Each structure stands twice: as C-alpha cells, then as structure tokens.
Amino acid sequence: MKPNALILTAVMLCCLAPDAAAQTDNEGKVAPEDMPIDMNEPTMEPRVKVTRVLDKQGDSIQCVQLNRVYVYPEIAFKDEKQQQQYNQLVKNVKRVLPIAKEVNGIIIETYEYLQTLPNKKAKDQHMKKVEESIKRQYTPRMKKLTFSQGKLLIKLIHRECNSSSYQLVKAFLGPVKAGFYQAFAWAFGASLTKKYEPEGKDRLTERVVLMVEAGQL
C-alpha cells in the first residue's frame, strides 16, 4: 500500500464513521475521486434557494437566493512554472474539496447517531466496527489520490470541520489512537495536526476553494 493511502486512511478513520446502512445508500453514486476534472466547467453546481419573505404589510413575496460571486484581480504569474503550479492547485481542490465536505456531513450524522447509544460500551463497540468498515471501504478510494492531494485533504477537512484531523481522531477513537496515527503520518512527511490558514499561507487555496464552491471554477 502506498504511504499516501495509509495516511489518508488514518484521516478517514477519524472522520468517516457511518454505519453500514449509510454506506449502502451511497452505492451506485460516482465518488468525488472518480469524477473527471474539467478546468473549463464548474465542479460544484451553483446553489439556488427559493424562499419567501414578508414585506412591511405582512404580504408574502417569493424571492431567490443565489451563490455569492467572487471577483478577484487577475493573477500575474512570474513564469510558466508558477502558472502550472496554480493550475495543479485548482485541479487538486476540485478533486478533494467534495471529499472534505462529504467528511463533514458524515461526522455530523455519526455524532448524532452516537448520542442515541445507551452507554460508553455500546459506543466503543460501534466505533470498533466502524473503524474496520472504513479501512475496508475507503482505503481503495484513497489510493486514487496523490500524496499532495492527501495533504491538501487534511487541511480542507480542518476547513470544513473546524477541527484538525488529529482532534477528530482523538474525539472519536481516543488519545492513544490519535497519537498512533499522528506518528504514522509524520513518518511519511504528513501531519494530522495541520490547520488551514485562509488568511495566511493558504490564502491562494482559499480563493480557489471559494470560487469552486460558487461554481465559478
């Protein structure tokens, strides 16, 4: 198994904790990592929300809420290499951002499910089954990502979940396993403690992410 698959499996172990039924519901759908990347077409479709508001007289008026549209200055690339790096960043974001959003949705579902279990023993038993299921189901998926995409996924999980992958492992599987997976990732040049810095070194990535979310890329 490639180091990337091992690292990302560890990330998924901390985040993706659905039961078997939830996985069955997703069968037949094309996974994000299998979707073709088209630089000329948006990865995420613009969202349109139709709702109603009340005016001052109390009358109901139908309205439509659209995505935000982001307008940035055009990037002045120093050379062709820099442009290629930017294009690769766009491709990587388009590949892994849907996975990070998938992770966030499943974390919420998992947390709500765990709250229905009667005691710690039941929760531990459930998480043990989940861990085995995730290894089996997600290792092949993560093998399809490159190492750089895997490291970006760790950061985007932090962006979507507002917690680092290490914190998520610790919350779901305990501090011992969190330390184990962190040491394992560190051995291959990655870290589950990596945080997303949208106003710092990840500023360009955030620009790309916002435009992908808005259906502009």
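These legends walk through a few views of a predicted model.

**View 1. The whole protein chain.** Start here to get your bearings: the protein chain has 8 helices and 2 strands. Of the 217 residues, 41% are buried. Among contacts with a separation of 6 or more, 75% link residues 24 or more positions apart. The accessible surface is about 13,100 Å², and carbon and sulfur atoms account for 53% of that.

**View 2. The start of helix H4.** H4 covers residues 120-142. Where H4 begins, look for Asn 119: one of its side-chain oxygens comes to within 3.2 Å of the backbone nitrogen of Lys 121.

**View 3. The bend in H4.** Further along, at Arg 136, the helix bends by about 30°. A proline, Pro 140, follows within four residues. The buried residues of H4 include His 126, Met 127, Val 130, Glu 131 and Ile 134. In general, an α-helix has 3.6 residues a turn, so residues three or four places apart point the same way.

**View 4. Two tyrosines, stacked.** Searching the whole structure turns up 2 aromatic pairs. Here Tyr 70 and Tyr 72 make a stacked pair, 6.4 Å centre to centre with 10° between the planes. Tyr 70 is partly exposed at 22% relative accessible area, and Tyr 72 is partly exposed too, at 31%.

**View 5. A tilted pair.** The ring centres of Phe 77 and Tyr 86 lie 5.6 Å apart, and their planes meet at 50°, so this pair counts as tilted. Phe 77 is partly exposed, with 27% relative accessible area, while Tyr 86 is buried at 13%.

Key: Residues are numbered from 1 along each chain as its sequence is written. This is a predicted model: local features need pLDDT of at least 70, side-chain atom pairs count only at pLDDT 80 or more; totals for chains, interfaces and linings use all residues. Side-chain values use heavy atoms; hydrogens and water are left out. The bend at a residue is the angle between axes fitted to the seven residues ending there and the seven starting there. Buried means under 20% relative accessible area, exposed over 50%, partly exposed in between (1.4 Å probe, protein chains only). A polar contact is a pair of N or O atoms within 3.5 Å; within protein, one must be able to donate a hydrogen and the other to accept it, and residues adjacent in sequence count only if both atoms are side-chain atoms. Contact means heavy atoms within 4.5 Å. Accessible areas come from the Shrake-Rupley method with a 1.4 Å probe; for residues, only the protein chains shown count as cover. Rings of Phe, Tyr and Trp (its six-membered ring) pair if their centres lie within 6.5 Å; planes under 30 degrees apart count as stacked, over 60 as edge-to-face and the rest as tilted.
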